[in-house]
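Dear colleague,

I am handing over a structure for you to look at, and my notes on one of its pockets and one of its sheets follow below.

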Amino acid sequence: MSKSYLQAAIEIAQEAGKILMEEFSRPLDIRYKGDEVDLVTQADQRSEHAIVARLNQYFPGHAIAAEEGTGQETASEFRWHVDPLDGTTNFAHGYPCFCVSIALAQRDTLLAAVVFNPFYNELYAAARGEGATFNGKKIAVSKVATLSTSLLCTGFPVRNRKFSPNLQYYGEFTQRSHGVRRDGSAALDLAGVASGRFDGFWEFGLNKWDTAAGVLLIQEAGGKVTDFQGNPYQLGGPVILATNGLIHEEMRSAALEIYRRAPAPGSQSLGN
């Protein structure tokens with residue numbers, strides 16, 4: 001069944017991607033959520049409406065958790081996690097690092113995942129037990145074996161940035177690695193780890209729809225995803241650490257060392 005779910009997710013993500021590209025070429029219609037840095041565009045809303053409508057058509061009764069709030073709660077054990085436009089700030093500034101992210105979970109088990117960047121026509125996909133692909137070709141995590149030779153990625157929240165613990169980690173990991181990239185799309189960052197573009201990723205306070213697809217991509221590509229304590233990552237948990245597996249313990253140990261030495265104001269528990 002997971003393959004049919006995946007085929008549907010791919011079709012729906014590509015349909016939503018077309019909407020994003022239509023909007024990308026138009027003057028922006030921007031509104032704000034809550035505070036003046038957390039923006040939402042017409043593209044987010046059009047994309048989400050299309051995704052939710054198609055999921056309801058194909059899988060009536062499934063629960064849908066979608067970022068802009070048009071999903072639905074049901075009694076189903078199946079739940080779709082939908083980010084209709086991950087990288088909204090990039091999108092609004094004309095920076096082509098954004099994507100559609102769609103994943104399906106059965107209770108706590110991820111079954112299918114798609115991350116699609118329509119600007120570059122880059123499609124990452126995975127089904128549980130069937131591996132992960134990039135534009136139809138099998139992918140695997142990198143073989144970089146040490147933190148010092150790794151390329152990492154991370155992100156920062158749009159809200160309450162001064163309370164985020166991540167600036168301390170960003171500085172430390174920048175010095176301990178080849179470098180840290182901050183591209184503004186957690187879903188694409190995770191997909192990058194799955195495909196070997198990056199060797200590791202960490203971030204705080206992400207939502208389930210930010211990480212669901214990327215987590216399955218990494219697992220199916222041979223990588224590892226936990227919290228900083230080494231426990232299996234739970235969607236929506238306070239911190240995520242995703243790597244190629246080879247640098248995982250080194251990176252996790254460094255993160256705990258940073259936390260013990262200088263926990264940032266407002267930092268959350270590093271476990272589940």
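In these notes, Ala, Val, Leu, Ile, Met, Phe, Trp, Tyr, Cys and Pro count as nonpolar, Asp, Glu, Lys and Arg as charged, and the others, Gly among them, as polar. By these classes, the lining of the second largest pocket has eight nonpolar, five polar and six charged residues. A pocket is an open set of points on a 1 Å grid over the protein atoms alone, where a 1.4 Å probe fits and protein lies on both sides within 12 Å along at least five of seven lines, and lining residues have an atom within 4 Å of a point.

Please keep in mind that the model is predicted, with local features needing pLDDT of at least 70 and side-chain atom pairs counting only at pLDDT 80 or more, while totals for chains, interfaces and linings use all residues. Residues are numbered from 1 along each chain as its sequence is written, and side-chain values use heavy atoms, without hydrogens and water.

Of the 19 residues that line the second largest pocket, Arg107, Asp108, Thr109, Gln234 and Leu235 lie nearest its centre. Strand 4 (78-86), strand 6 (109-117) and helix 6 (208-220) each give two or more residues to this lining; helices (H or I, at least four residues) and strands (E, at least two) are DSSP runs, numbered from the N terminus.

There is also an open sheet of five strands, in the order 11-10-12-14-13 and with mixed pairing, where two strands pair if DSSP finds at least two bridges between them. Its edge strands, strand 11 (179-181) and strand 13 (224-226), each pair on one side only. Strand 10 (residues 151-154) pairs with strand 11 in the parallel sense over three bridges, and Leu151 stands opposite Gly179 in strand 11.

Best wishes
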